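Here is a short report on one protein model. Look at the sequence and the structure first, then read on.

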Amino acid sequence: MVDSLKNLFSGKRLIILISFVIVSLILWNTYAFFKKFKQEEREKMEQFAFALERVGNTPNLDADMNLELKVLENNDIPCILTSINGTIGEDHNLDSTKTNDPFYLQEQLAIMKRQNQPIEINYLGKKEYIYYRDSDLLRKLTYYPIALILILGLFLGVIYLFFNSSKIADQNKLWTGMAKETAHQIGTPLSSLLGWVTILKSENINQEYVTEIEKDVGRLNIIANRFSKIGSLPSLEKNNAVEITSNIFNYLKSRSSKQVEFSFETSNEEILVNLNTELYGWVIENLIKNAIDAMQGKGAVSVDLKEDDSHIIVLISDTGKGIPKSKFNQVFKPGFTTKKRGWGLGLSLSKRIIEDYHKGKIFVKKSEINKGTTFEIQLDKT
C-alpha cells in the first residue's frame with residue numbers, strides 16, 4: 001500500500017515536471033517568435049518611413065515612385081506622424097470614424113510611445129517622428145502565453161483532482177480494510193464472552209448482574225457489526241423507530257451519571273420507517289453522548305420522537321454550553337470538535353448516514369450559548 005502511494009506521488013511529480021518543461025519550451029519559443037515578429041514589424045516601419053521620406057522629399061513629379069507607393073499602400077500597422085514638438089500631423093491605419101477626435105489621437109499616440117521607439121525622418125524638409133503601434137496580430141500574440149498558462153493551470157488542477165481522488169480512494173480502502181479486520185478481531189473475544197455469559201446464567205449469581213453484562217456484550221456485538229459493514233451499501237428495512245430509539249436511550253441512561261436527567265417522549269408507540277437499525281442507532285447514540293459531553297455530565301437530555309403525514313422527526317436536546325450560530329453548519333465538517341480528545345468525525349458520519357444512506361436531513365434546530373442545543377433528524381416515512 002505504501003509502495004503504491006509512493007509510486008502515485010512520484011508519477012504525479014513526473015507528470016507535473018514534464019508539463020512545466022513543455023510549457024516552458026512553448027513559452028520560450030513564443031517569446032522568441034514574438035521578438036522576431038516585432039523586429040520584422042520594426043523593419044517594415046523603417047521601410048515605410050523611408051518610402052514616406054522619399055515621396056515627400058522628391059520634387060520631380062515624373063520620378064518613378066511605384067515601389068515607394070506600393071510600400072506605403074501595403075502598410076497595415078497603425079502609426080502617427082508628429083512634428084519635433086509633438087504636434088500630430090498625419091495618421092495611418094487608425095479607426096477612420098474617430099480620427100477627427102483629438103482625444104482619440106492623443107490616446108493612440110500614448111499607446112504607441114509605450115510600445116515602440118519612434119523613427120526619425122526628414123519629411124518635407126522638416127525633422128518629424130513616426131510613432132507606431134503593434135499590429136493586431138502581434139497584440140493577440142502577447143495574450144497567447146497568458147492563455148497557455150491558464151490552460152496549464154487547468155491541466156494541473158485536473159491532475160491534482162485525479163490524484164487526490166485516487167489518494168482518497170486508497171485511504172478509504174485502507175480504513176475499510178482496517179475496520180473489517182477490527183470487527184473480525186473483536187469477534188473472537190466476543191464469542192468467548194457470550195459463552196461465559198451462558199455459564200454465569202447457570203451459576204448462583206445475581207441475575208441482574210448477568211443481564212447487565214449481557215447487554216454490554218450485545219452492545220459490543222453491535223459495534224463489531226458496524227465496523228464489519230463499513231464500505232458496504234447499507235440495506236434499509238421497515239422498522240419501528242420508537243423501539244430502536246428508546247432502546248439506545250435506555251441503555252445510555254442506565255450507564256450515565258445520576259446528575260443527568262433523562263426524558264423520552266413519543267407521539268406513538270410504533271412509527272414505522274425504512275431504516276438500517278445499526279447505523280440509525282449509532283447516530284442516536286452519538287447525538288445523546290455528545291449532549292452528555294456538552295453538559296459535562298450534569299444537566300438534562302431529552303429525546304422527542306414524533307411524526308407528521310410524510311416524516312418522522314427526532315429532536316435531541318441538552319442543557320449544555322451551546323453552539324454559536326455561525327458554526328451550525330461547521331459542526332458537521334470532518335475534524336471539527338470542541339473536545340480535548342476525539343477525531344471530530346461523529347457528526348460528520350451522522351450527517352452522511354442520515355442524508356446519504358437514509359435520504360433524510362440532520363441539522364442544528366436551535367442553540368443558545370450556555371443554555372443548550374437541539375439537533376433535529378427528519379426521515380421520510382415512505
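## A ring pair and a lysine

Phe 332 has 7% relative accessibility, so Phe 332 counts as buried. (Buried means under 20% relative accessible area, exposed over 50%, and partly exposed in between, with a 1.4 Å probe and protein chains only.) Phe 375 is also buried, at 9%. The ring centres of Phe 332 and Phe 375 are 6.1 Å apart and the planes are at 85°, so this pair is edge-to-face. (Rings of Phe, Tyr and Trp, the last by its six-membered ring, pair if their centres lie within 6.5 Å; planes under 30 degrees apart count as stacked, over 60 as edge-to-face and the rest as tilted.)

Phe 332 sits in the loop between β9 (311–318) and α8 (346–357), while Phe 375 is in strand β11 (residues 372–380), so the pair ties together parts 43 residues apart in sequence. (Helices, H or I of at least four residues, and strands, E of at least two, are DSSP runs numbered from the N terminus.) Lys 351 lies over the face of Phe 332, at 5.1 Å from the ring centre. (A charge sits over a ring if NZ of Lys or CZ of Arg is within 6 Å of the ring centre and within 35 degrees of the ring normal.)

## About the model

This is a predicted model: local features need pLDDT of at least 70, side-chain atom pairs count only at pLDDT 80 or more, and totals for chains, interfaces and linings use all residues. Residues are numbered from 1 along each chain as its sequence is written, and side-chain values use heavy atoms, without hydrogens and water.

Helix α7 covers residues 277–294. Of its 18 residues, 13 are buried, so the rest of the structure largely encloses α7. Just after α7, Gln 296 takes a positive phi of about 55°.

The largest nonpolar core has 39 residues; Tyr 280, Ile 288 and Ile 377 have the most contacts inside it. (Such a core is a set of buried Ala, Val, Leu, Ile, Met, Phe, Trp, Tyr and Cys residues joined through side-chain atoms within 4.5 Å.) α7 gives the most to this core: eight residues.

## Strand β1

Which strand holds Thr 82? Thr 82 lies in β1 (residues 79–83). Thr 82 is buried, with a relative accessible area of 2%. Leaving aside neighbours within four places in sequence, the contacts of Thr 82 include Ile 88, Leu 109 and Tyr 131. (Contact means heavy atoms within 4.5 Å.) Lys 113 lies over the face of Tyr 131, at 5.5 Å from the ring centre.

Key:
Expected span 1.5 Å × (residues − 1).
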